[in-house]
Amino acid sequence: MTGDAVVSFSGGKDSTAMLLRMLEINDDENYPITRILFADTDFEFPELYEYIKTVQKYLDDNYPERGLVIEHVRSKKSWEHWFFGRVASGKNKGIVRGPPLIAYPCYWAREAKLYPLQRATKGCSVKYVGIALDEMKRVSKHAEEQRIRYPLIEWGWTEEDAFKYLDKLDMVNPLYVNFTRLGCFHCIKQPTSSWYVLWAKYPDLWAKAKAWDEKGYEVANRGLARYDSLAVMEEKFTNGFVPEGKRPFECNSCDAVSMFHDANEKGIIDEFGGEESEELAIQCDIMEVTNATLRTDFKWIKKDEATPQEWWPE
């Protein structure tokens with residue numbers, strides 16, 4: 001077997017449990033590992049970066065002979081490049097892109113996760129992906145030909161099994177206190193309750209997201225959220241209103257990692273035209289708005305009217 005054996009690591013419970021259990025099994029014949037890749041969007045929560053350091057220390061302390069280092073891979077071009085850039089051709093020529101529209105993946109997930117992972121794993125011998133047994137729908141239809149393996153599924157592990165394993169090791173990511181899924185703090189797909197958590201618990205990140213939301217309305221007449229501007233949300237939050245119910249942060253890494261693992265060597269990169277992909281890709285994003293459904297599956301309630309199950313803990 002030639003080429004790297006790569007672990008796709010997000011810092012989430014599934015990929016972390018997969019990595020640590022593979023090392024614990026200590027079977028280089030069946031589970032060789034030569035690289036660990038983390039696709040860094042530069043919009044991660046601070047706790048995630050700290051958690052990655054914690055995982056790295058765990059590797060150094062428990063498996064020093066391996067010499068494994070968690071590598072960060074990134075987009076070739078910045079978020080600003082995409083946000084303020086204009087479409088250069090087609091019927092949308094001249095339109096400023098602004099915030100991503102509802103698309104799977106959105107342009108930033110594609111550029112910051114999908115493409116860097118594809119580039120970094122080109123020619124590898126095997127890619128390990130942290131998808132649990134109860135998320136079989138995310139498994140690639142072409143896993144064998146793409147050299148993809150799903151160790152959690154091979155072991156019959158569910159998401160709960162992964163969580164319990166990390167809990168036993170005292171290695172649970174602290175972000176799971178408030179979120180059930182992890183993603184960019186300014187993700188366009190997050191529900192209103194996640195925006196509330198950002199406002200209530202991460203004022204600095206909220207301010208950054210709000211600034212980008214305002215810039216979105218300035219340059220493209222739309223913001224990051226699909227229902228209200230973040231300024232309107234902030235006013236409601238300040239006045240004691242919250243979205244009813246505790247909804248999870250449904251991101252699944254923006255599905256970009258799943259799409260990466262469901263693409264062949266050319267795959268999605270060729271679909272978007274490789275290095276010259278920008279205009280075709282953004283046209284897909286802009287056209288998506290005509291079919292987009294605004295989020296209306298929530299209602300506002302007063303904080304003092306909420307039941308404990310409906311309200312985020314202080």
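Trainee: What makes strand 1 and strand 2 a pair, and in which sense do they run?
Mentor: This is a predicted model, and in it strand 1 (residues 5-8) and strand 2 are joined over 3 bridges in the parallel sense. One point of reference is valine 6, whose bridge partner in strand 2 is arginine 35.

Trainee: What joins strand 2 to strand 3, and in which sense do they run?
Mentor: Strand 2 and strand 3 (residues 70-73) run parallel and are joined by 4 bridges, where at least two are needed. Phenylalanine 38 stands opposite histidine 72 in strand 3. Between these two strands the chain passes through helix 2 (residues 46-62), and this β-α-β crossover is right-handed.

Trainee: In what order do the strands form the open sheet, and which of them stand at the edges?
Mentor: The sheet is open, with 5 strands in the order 3-2-1-4-5 and parallel pairing. Strand 3 and strand 5 (148-149) each have a single partner strand, so one side of each is left without a neighbour in the sheet, and these two stand at the edges. Strand 1 is also joined to strand 4 (residues 126-128) by 3 bridges, the two running parallel, and valine 7 stands opposite tyrosine 128 in strand 4. Helix 1 packs on this sheet, touching strand 1, strand 2 and strand 4, with its direction at about 140° to that of strand 1.

Trainee: Why is helix 7 called oblique to helix 8?
Mentor: Helix 7 (residues 192-201) and helix 8 (residues 203-220) pack at an angle of about 120°, with their axes 6 Å apart. Roughly perpendicular covers 65 to 115 degrees and roughly antiparallel begins over 145, so the angle makes helix 7 oblique to helix 8. Trp195, Leu198, Trp199 and Lys201 in helix 7 meet Pro203, Leu205, Trp206 and Ala209 in helix 8. By class, this contact has 7 nonpolar, no polar and 1 charged residues.

How values were computed: Residues are numbered from 1 along each chain as its sequence is written. This is a predicted model: local features need pLDDT of at least 70, side-chain atom pairs count only at pLDDT 80 or more; totals for chains, interfaces and linings use all residues. Side-chain values use heavy atoms; hydrogens and water are left out. A crossover is right-handed if, with the strands pointing away from the viewer, the path from the first strand over the helix to the second runs clockwise. Axes are lines fitted to C-alpha atoms, for helices over the stretch in contact, and angles run from 0 to 180 degrees between N-to-C directions. Angles under 35 degrees count as roughly parallel, over 145 as roughly antiparallel, 65 to 115 as roughly perpendicular and the rest as oblique. Contact means heavy atoms within 4.5 Å. Ala, Val, Leu, Ile, Met, Phe, Trp, Tyr, Cys and Pro count as nonpolar, Asp, Glu, Lys and Arg as charged, and the others, Gly among them, as polar.
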